[in-house]
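Reader: Please take a close look at the metal site in this model. I would like its geometry and its place in the chain described in one connected account.

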Amino acid sequence: MATRAVGNFVHCRDCGSEIARSAVSCPQCGGRQRSGAGKSKIAAGFIALFLGGLGIHRFYLGQWWGLFYLLFCWTFIPAVIALVEAIVFFCTSDEAWEQKYG
Ligand SMILES: [Zn+2]
């Protein structure tokens, strides 16, 4: 491991050790690094697809302003926005998603 690409390592959420970005749990302390508290990209995408007009996907992601979707759902504008967001969610890389919502 003489050479390593910058950006492939992150710090453990629990103990701060340098671990591989793709590691599910820390080899030093065993702390889980992903999926535990993180929100599922696929789930958020499907919620946006089917219930996006009501802002449910925003509530799912812990964003209170999903309320505005609910408020304006009768205009069908939130439904259009949610449809675009669903596509964006599905196109977001796992790494970017983890950084934003993980
Ligand atoms: Zn650790």
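Author: In this predicted model, the site of the zinc ion is tetrahedral, with angles of 105 to 115 degrees among its four donor atoms. For comparison, the ideal angle for four tetrahedral donors is 109.5 degrees. The protein donors are the SG atoms of Cys12, Cys15, Cys26 and Cys29, which lie 2.2 to 2.4 Å from the zinc ion. Along the chain, these donors follow the spacing C-x2-C-x10-C-x2-C. Cysteine 15 sits in the loop between β1 (9–11) and β2 (18–20), and cysteine 29 in the loop between β2 and α1 (41–51), so this pair ties together parts that are 14 residues apart in sequence. Cysteine 15 is partly exposed, at a relative accessible area of 40%, and cysteine 29 is partly exposed, also with a value of 40%.

Leaving aside residues up to four places away in sequence, alanine 48 touches His57, Ala82, Ala86 and Phe89.

Helix α1 also holds phenylalanine 46 and phenylalanine 50, four residues apart and separated by about one helical turn. Their rings form a stacked aromatic pair, 6.3 Å centre to centre with 5 degrees between the planes. Phenylalanine 46 is partly exposed at 42% relative accessibility, while phenylalanine 50 is exposed at 63%. Together with Phe90, Phe46 and Phe50 form one aromatic cluster.

Notes
Residues numbered from 1 in each chain as written. Predicted model: local features only at pLDDT ≥ 70, side-chain atom pairs only at ≥ 80, totals over all residues. Heavy atoms only, no water. Donors = N, O, S within 2.8 Å, 3.2 Å for Na, K, Ca; no water. Tetrahedral: all angles 85-135°; square planar, octahedral: opposite > 155°, others 65-115°. Helix = DSSP H or I, 4+ residues; strand = E, 2+ residues; numbered from the N terminus. Buried < 20%, exposed > 50% of the residue type's maximum accessible area, 1.4 Å probe, protein only. Contact = heavy atoms within 4.5 Å. Phe/Tyr/Trp six-rings, centres within 6.5 Å; stacked < 30°, edge-to-face > 60°.
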